[in-house]
Structure formats: structure tokens, C-alpha cells
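Here's a quick briefing for anyone meeting this structure for the first time. Have a look at it, then read on.

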Amino acid sequence: MINWKVILNIAKTHLLTKMKSTVTASLGVTFGIGAYITLVSFMTGLNEMLDSLILNQTPHIHIYNEIEPSEKQPIALYQEFEDAFNVVSSIKPKQSQKKIHNGLPILNYLKNDKNVYGATPQLRAQIFYLSGSIELGGNLLGVDIMEEARISNIGDYIIQGTPEDLKNSENGILLGAGLAKKMSLKEGDRVQISTIRGDVFPLKIVGIYQSGIAEIDNIQSYANLKTVQRILGEAKNYVTDINVKLNDIEAATAMAKGLEKQFQVKATSINEANAQFETGSNIRNLITYAVSITLLIVAGFGIYNILNMLIYEKMKDIAILKATGFSGTDVQLIFMSQAMIIGTVGGILGLAVGFVLSKLIDNVAFETEALPTITTYPINYNVWYYIIGISFALISTFVAGWLPSNKAKRIDPVRIIRGT
Amino acid sequence: MNLVLETKNINKHFLKPKDFHVLKDISFGVEAGEFVSIMGKSGSGKSTLLYILSTMDTDYTGELFLNNTLITGQKHQELSRIRNKHIGFVFQFHYLLSEFSVLENVMLPAKKLAEKSVAEIEHDAMEKLIMLDIEKLAHQRASRISGGEKQRVAIARALINNPSILMGDEPTGNLDSHNSENVFSIFKRLKEEEGLSLLIVTHDEDFAKRTDRIIQMEDGRVLD
Ligand SMILES: Nc1ncnc2c1ncn2[C@@H]1O[C@H](COP(=O)(O)OP(=O)(O)OP(=O)(O)O)[C@@H](O)[C@H]1O
Ligand SMILES: [Mg+2]
């Protein structure tokens, strides 16, 4: 039978009379756990922010028509040359359009799929921005702006004007911020654009778009799909890209493959597009855990040392306890409870320190053009990190306490009493 | 004849640094209510024997009985319980837990036994302290009292669970003649008033002479 009250009382007395060692050992754990919580909250916060940045800017599935040479050259159709070795030099791509063949049926099909959160058509046109005598090359993207705003965070990047403004204007354009600066244009002004064929159209600037990535902002603008179709003189079914957002991102790769087969188009999933990005996240996580575990191991050694010292100092007490009827297990439990009290107190303090530090970081200003919605450093307050943190504190103090307490369990009282 | 403690052919060897036959065929008994002293030259094996009798040392051959039950071969857990309940032990050096108060030191073995409530234990402990005339020290830290006082606290602690037998390894060895005399009269009173059995190792001839029986040891043997 184990008498916990007595055991805990002895453990408590030992800890209180050795306040300095107790505090040192607890602070070791506090430091380790606090650093773990702070690091992991901050690192995963950053990861998540970067992930969502990519996720929101990249469609889950991107459907387009790739211009490529025919796999079968006409000569292969001739039966006469069937067994011959044919050499065709200077192959050119098959004459075709960038247009997705049956864009509207695909769009309809996607909108009826219950796995699809949204699908929007896009028309990408090469144009020139005319500013006086200067021509700036660039892109004009025809979009269904309201649907675009629903399934992506494009709204965050429209720094002047709103998606509605674009939707409500026949000849509106959301001008790239870099372009606006170069041409000294602002909201409400007019800008002339010219197609590759040379037709010139005046468009009204209803807003400014800034992704934060200069290479995009210097060349790209948005207009309504209809507007761009009209500028190019194309029919209503002329779209070059379809962006799909799914309810479950995990299904993207399989679905992209299915779409390619079914509609003879090119479909890339976000997973293929961002394979490298994943690696980055994984490495950051790895570093976080490596550093945290190192800190906790150092804290564990601290506890091990201090308990060892304590047991060495308390040899006489251990002998007395054993001589008066405490069993080896009782003695072990006395020292294990000390380790666990240090672990619990240090661990809980560590969680508090980690939380406070996270809060501090969370309030530090962090502004970047690329992330218009973010104003402070991102922190991920996940309860699981706190659960893992306290478990780790308890496990490491348990291990650190086990060896010394096991030694105390086996101390032979006769040897101590004899003084050898 | 009711034997509290009995040994049958106890032998013990120390193997290090070389084989040394320290106890040779020890057979004797202590009757209930008997006050026995053990004498013998230094190195004759008195302490070694006492550690075996107190169940702390289990590395021996032969048989040890306490209240007519065989103790030899019992598990460590069980030996701890027996030591706690049936055996009171007083060392030559007053071993007390220095961070605890006098009262807590006395109460600890009873708390471990857990047969009584804390209030009862405290009451019993105070009684023992009063009997030994140190009740004023009850709430002092054990490290802040004199040697003679510590020895009396150790006796109170040994008595707290009303053991079958009290063993002492030169309990007066470190005390002046006045304190020595004091401890002897306490033992005598415990025997007479409470019928306690005592087995005390001593070098003090006067002390031994006044006990019921002296066991003489020489070179690991009991002389008749
Ligand atoms: N751990 C040990 N290893 C080897 N020999 C030991 C050990 N402990 C004691 N001895 C030897 O055993 C013998 C008996 O020792 P013990 O302590 O029992 O003597 P004692 O009768 O109590 O002497 P004293 O009166 O001086 O206390 C001594 O010769 C001692 O050297
Ligand atoms: Mg001795």
C-alpha cells in the first residue's frame, strides 16, 4: 500500500528546503517549454501564412490549352512509308488557338460537381498600354470578377476601388499598381490600350491592383471577361484559362488527371505547382522541433543533475526512512514526485511564458506589400502545441527523475549507517 | 516461554576485500519483556548482527524469527512493513530528518503505518515526547537541538508504533554519563511499565550489568 500523503509531504519538504535547486530545475523546464511554445507557434504561424498566401493565389486546378506540336505528323498516315524511317525537320506547333475548346461546357460541368467550390473562366490577352508615344507591353486578364473575389482573395489586393466597381462598368479596368505609377495614372483616369492587331480601346480606371510582386504589378491588369472578349473581337465562349477551387484540396491531383482525360485539356493541380513549397514548410517544422527537443533535453539534464545532487545530500535521510520502515518503492516515489512536481510547475510556467511571448510577437507590427491583410507577425495558437508541450515536460522530467530515484530505491541503509 | 526474537544458526560472510566469516552459528532468543545487552570487543560483529536482526541486512544464512514467525526469505516490501510495525531502532548517532520538526520526525513511522488518524498519531507522539521529557521541543527543527535531546527524540520515534522489540546500537555511546544514565532509566522504565523487550549493544559495563542478561560476543561467536 502506498501512502501518498506521507510521500508527497516528504517530497514537498525536500523541495522547499532546497528552494534554490528547485527553482533552478523548474526554470530549466520553463525555459525549454516556453521556447518550444513560442517557436512552434511562430514558425507554424509563418508557415500557415505562407501556405495560405500560395493557396489563395494559386487555383487548386488550373485548366488551359497548351500549344504543342502534334504527336503524329501527317507522314505517319501514309501507308507507303509505314515501314520507313521518317525524318521530319523543323516541326512547328499545330495551328490552333489558345482558347479552351469547349470552355463553357467544362465550366458548366465543373459548377455542377459537388466537390467544386467554384470555377471561373479567364481570358488572357496580350496588349500594349499606350501612354503618349510610349507603348508598354502587358497582359489584360478578363475575369468574372465577382466569382473571382468569392473563390480567391483578389479583393485583398485591390487597393483602390472595389470588385463591384469593375463589375458595374462596361469599359472598366483594374490597373496594375506598377503600371499606374509608370504612367502617372490614378483611379478615374482613362487609359488607352491596344491589341496585338493594332485596335485601340480607351478604358476607364475603376481601381488599382497591387499583388506586391513587382513583375506582376508592372504588366498585369484586370477587366471584365466580356470587355476583353469584345476588345479581341471574340465570341462569348472564348476563354483561355479556367481556375477551379475545390472543397477538398487533397482531391486536386486526381481530379486534374480526370479532367485532362475527359476534356483533352491541360490541367495542373496546386500540388504539382507547389511541390517545392511543401519541402520548405517541412524543413521549417523540422528545425522547430529539433531546437525544441534540444532545449528540453538540456532541461532534462538539469533535472537529472539536481536530483542526483539532492539524493547524494539526502543519503542519510534515505537510510533513516528505510530503517524506520519505508520501502525502496516509497523512497523512489518520494524522489519521483519531486521530479514530477518540478516538471509540472516548470511546464505550466513554460506554457504561460510561451503564451505571453507569442502574444508579444503577435503584436509586433509586420507590414509587407505582398500581404495586404497582415499587419502583425502571424502566430498559430493551437491547443495541441500546449498539450504536446506539457506532455513533453512531464515525460522528460519523468525520464530525468527515473535514474536517480531508482538509485535511491536501491541504496543499502546498512552501508550508509555504517558510514562506508 | 514466549520468545519475541529468535535466531537459529545465523552465519554471515563478508566477501570483500576477502572472504571473512564475521558471524558464526549465532543462536539465541529474547523473551517478551526481557532487557538484554550485547557486549564484546570492537570488531566482534555486534553491529553486523544487529543489522541482520533488524531485517535491514538480508545477506546471511540461518533463520530469524520475530514473534515466532519466520522472517528470513521474506520480500523487501514485507520486511519494510515488519520493520515499521514491530521493530524500533536507535542508532549510536542520532539519525533524525534534519529538515523536519521533532514532532514530525516522531510521527513519520506511524504515518507510514497508517493505522491511525493523523490526530491520533500526533496525540501518541506528544505522549512519547512527554514521557521522555522533551515535549517543549516538539516544534523545533530536529537540527536545532542538543545531542542528548536528539537521542531521546530517536527513542520516541522508535517507540511510536509500539514495537515488539527495541534495538539499539550503542545508543549511549555518544552521550555524557548524565545523559547516559537518563537513557538507561528510560529503557528500564519502558521494560517495567510497558513490558517492552530490549536488545541493546553497549560498551558500557555499568549499563550492561544492570540489564536482565548480557550476551557476550567474541570473534563472531556468542559465548555461553
Ligand atoms: N562492509 C564490510 N565489509 C567487510 N568487512 C566488514 C564490513 N563491515 C564490517 N566489517 C568487518 O566485520 C567485523 C565486524 O564489524 P562490526 O561493525 O559488526 O563490529 P562491532 O562489533 O560492531 O564493533 P564496534 O564495537 O567497534 O562497533 C569487523 O572486523 C569489520 O572490520
Ligand atoms: Mg558496532
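Which element supplies the largest share of the shell around ligand 1? That's α1(B), with 3 residues. Keep in mind that this is a predicted model, where local features need pLDDT of at least 70, side-chain atom pairs count only at pLDDT 80 or more, and totals for chains, interfaces and linings use all residues. Residues are numbered from 1 along each chain as its sequence is written, chains are lettered from A and ligands numbered from 1 in the order written, and side-chain values use heavy atoms, with hydrogens and water left out.

**Around ligand 1**
- Ligand 1 sits between chains A and B.
- Of the 15 residues around ligand 1 (a heavy atom within 4 Å), the nearest include Arg418(A) and Lys46(B).
- The shell splits into 3 nonpolar, 7 polar and 5 charged residues (nonpolar: Ala, Val, Leu, Ile, Met, Phe, Trp, Tyr, Cys and Pro; charged: Asp, Glu, Lys and Arg; polar: the others, Gly among them).

**Atom pairs at the ligand**
- A side-chain N or O atom of Arg418(A) is 2.9 Å from an oxygen atom of ligand 1.
- For His203(B), a polar side-chain atom lies 2.9 Å from a ligand 1 oxygen.
- Taken alone, ligand 1 exposes 640 Å², and the protein buries 68% of that (Shrake-Rupley method, 1.4 Å probe).

**Chain A**
- An unreviewed UniProt entry lists residues 21-43, 286-312, 333-357 and 383-403 of chain A as "transmembrane region"; such annotations may be inferred rather than shown by experiment.
- Residues 21-43 of chain A are 100% helix (DSSP runs of H or I, at least four residues), with end C-alpha atoms 33 Å apart.
- Chain A averages a pLDDT (the predictor's confidence in each residue, from 0 to 100) of 85.

Note on methods: Helices (H or I, at least four residues) and strands (E, at least two) are DSSP runs, numbered from the N terminus. A polar contact is a pair of N or O atoms within 3.5 Å; within protein, one must be able to donate a hydrogen and the other to accept it, and residues adjacent in sequence count only if both atoms are side-chain atoms.
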